[in-house]
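Hi there,

Here is the structure I promised to pass on. Have a look at it first, and then read on for what I found in it.

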Amino acid sequence: MKARLCLQDGKSYEGFTSKGYKNAIQGEIVFFTGMTGYQEVLTDPSYRGQIVVFTYPLIGNYGINLEDAESKEVQVNGVVMFHCAGVASHYQSVQSLGDYLDERGVPFLTGVDTREVTKEIRTGGTRQAILTHNDDYEFLPPESSQIDQVKGAKIETHGEGLIHIGLIDFGWKKSILQKLLDYDVRVSVIPYSEITQVDDLKLDAVVLSNGPGDPKDVSSKLPAIKKMLDVYPSFGICMGHQVIALAYGADTIKLAFGHRGANHPVKDVVTGKVFLSSQNHNYVVDEASLIETPLAKRFYNVNDDSIEGLMHETKRIMSVQFHPEANPGPEDAEWLFDDFLKLVKKKEVKAYV
Ligand SMILES: NC(=O)CC[C@H](N)C(=O)O
């Protein structure tokens with residue numbers, strides 16, 4: 001059946017709906033530029049409430065496997081592709097992408113000129129969009145507080161080890177937990193709403209996770225988060241990085257069309273090195289707002305100069321806007337987990353300055 005992707009300002013793009021399509025769905029339209037990694041993207045809780053346009057024209061050719069999901073569910077509201085491979089070819093594949101989405105009732109549109117849609121998002125910005133087969137639709141106010149839809153309900157502990165790390169859950173990706181467990185540590189995943197219980201857990205350090213939507217959705221918890229950061233060695237990833245900045249009095253702003261892909265160049269101001277990173281975010285820390293805070297810029301984006309990471313001037317706190325756990329994307333920034341664990345073990349202050 002023919003259907004359309006309609007952007008909130010009236011522009012629309014024709015394509016064909018999937019079997020899982022029943023009624024019109026709305027979401028924030030964003031584009032992802034990686035050639036691979038669709039399974040990780042679709043299951044990453046940070047994409048909750050969004051309609052993802054894949055810019056690479058052939059999606060689904062290696063199918064869906066049992067390893068790569070970042071959470072138990074497909075998190076996106078809808079998907080837009082040029083071509084969705086009907087036949088999957090990979091030794092680990094258990095299902096085709098189309099069947100996987102249909103089974104879960106997640107609608108997708110194919111045959112769309114995704115390059116044209118992407119150009120429009122780049123010029124006119126990220127906005128609400130509707131995937132529909134008729135003209136009988138109406139834009140609703142965008143959803144907020146997606147974090148509360150994806151965060152866990154209770155504290156859960158994984159792994160064994162002498163070092164105990166709290167993973168503050170704003171909608172954590174499986175890969176972050178896995179990267180930490182690789183260091184033989186014990187990790188307790190703590191819903192951010194339970195932050196006041198942190199002290200009872202006798203933690204050695206905390207990692208603040210990724211998450212969907214606006215970091216200011218957690219504003220009411222910032223005093224408690226700051227209290228925690230003042231005490232524990234901390235590592236913030238994406239949403240976690242933004243929350244650290246907010247907790248110390250900096251501000252976050254929304255980019256026009258965000259960064260989503262597997263090859264975003266980032267420069268380290270301490271070493272002068274540039275590396276490629278996996279990214280998925282709409283918001284960034286406003287550089288001007290750092291002036292009155294104890295936070296300093298550690299990384300920036302080579303394409304648009306936006307802030308990509310911070311360090312605290314005196315405390316063992318580090319944060320990154322990109323994804324060192326990758327998935328999807330390059331593992332060039334994996335060393336940040338080594339640095340963090342060193343920071344935790346050596347009890348060093350001023351690790352980088
Ligand atoms: N991946 C993330 O944690 C994203 C953080 C936040 N939701 C943003 O869009 O900027």
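The end C-alpha atoms of residues 1-132 lie 11 Å apart, and this span is 18% helix and 31% strand.

The protein chain averages a pLDDT of 96, and 98% of the residues score at least 70. The model scores are ipTM 0.98 and pTM 0.97. One stretch to treat with care is residues 349-353, where pLDDT stays under 50 and the model has 11 contacts beyond four places in sequence. Where pLDDT is low, predicted coordinates should not be read in detail.

Now the overall layout. The protein chain is divided into domain 1 (2-132) and domain 2 (147-346). Their centres, taken over C-alpha atoms, are separated by 27 Å. Where they meet, 22 residues of domain 1 are in contact with 23 residues of domain 2. On the domain 1 side, strand 3 (25-32), helix 1 (38-43) and helix 3 (114-124) each supply at least two of the touching residues. Strand 3 gives the most, with 3 residues. By class, that side of domain 1 has 7 nonpolar, 10 polar and 5 charged residues.

Next, the ligand. Which residues surround the ligand? They are Ser46, Asn210, Gly211, Pro212, Gly213, Cys238, Met239, Asn280, His281, Asn282 and Tyr283. Strand 16 (residues 274-285) gives the largest share of this shell, 4 residues. The shell has 4 nonpolar and 7 polar residues, and no charged ones.

Gly211 is found in the loop between strand 13 and helix 6 (222-231), and it counts as buried because it has 29 C-beta neighbours inside 10 Å. Not counting residues up to four places away in sequence, Gly211 touches Pro45, Ser46, Ile147, Phe170, Gly171 and Met239. Gly213 is found in the loop between strand 13 and helix 6 too. With 26 C-beta neighbours inside 10 Å, Gly213 also counts as buried. Leaving aside neighbours within four places in sequence, its contacts are Gly49, Ser144, Ser145, Gln146 and Ile147.

Then there is the feature "active site", which UniProt lists, again in an unreviewed entry, at Cys238, His323 and Glu325. These residues span 88 residues in sequence, yet no two of their C-alpha atoms are more than 11.0 Å apart, so they gather at one spot.

His323 lies in the loop between strand 19 (317-320) and helix 8. Is His323 buried or exposed? It counts as buried, because it has 28 C-beta neighbours inside 10 Å. Leaving aside neighbours within four places in sequence, His323 is in contact with Ile237, Cys238, Ser277, Ser278, Gln279, Asn280 and Gly329. Cys238 in that list is another of the residues in the "active site" record.

Glu325 is found in the loop between strand 19 and helix 8. With 24 C-beta neighbours inside 10 Å, Glu325 counts as buried. Beyond four places in sequence, Glu325 touches Lys173, Ser175, Ile176 and Lys179.

Finally, a contrasting residue. Glu160 is found in the loop between strand 10 and strand 11, and Glu160 is exposed, with 10 other C-beta atoms within 10 Å. The C-alpha atoms of Glu160 and Gly240 are separated by 24 Å, and the two residues are 80 apart along the chain.

Best wishes

Key: Residues are numbered from 1 along each chain as its sequence is written. This is a predicted model: local features need pLDDT of at least 70, side-chain atom pairs count only at pLDDT 80 or more; totals for chains, interfaces and linings use all residues. A residue is near a molecule or strand if its C-beta atom, placed from the backbone, lies within 6 Å of it. Ala, Val, Leu, Ile, Met, Phe, Trp, Tyr, Cys and Pro count as nonpolar, Asp, Glu, Lys and Arg as charged, and the others, Gly among them, as polar. Domain bounds come from an automatic or database domain assignment. Two residues are in contact if their C-beta atoms, placed from the backbone, lie within 7 Å. UniProt positions are given in the numbering used here, feature names are shortened, and annotations may be inferred rather than shown by experiment. A residue is buried if 20 or more other C-beta atoms lie within 10 Å of its own, exposed if 12 or fewer, and partly exposed in between; C-beta atoms are placed from the backbone. pLDDT is the predictor's confidence in each residue, from 0 to 100.
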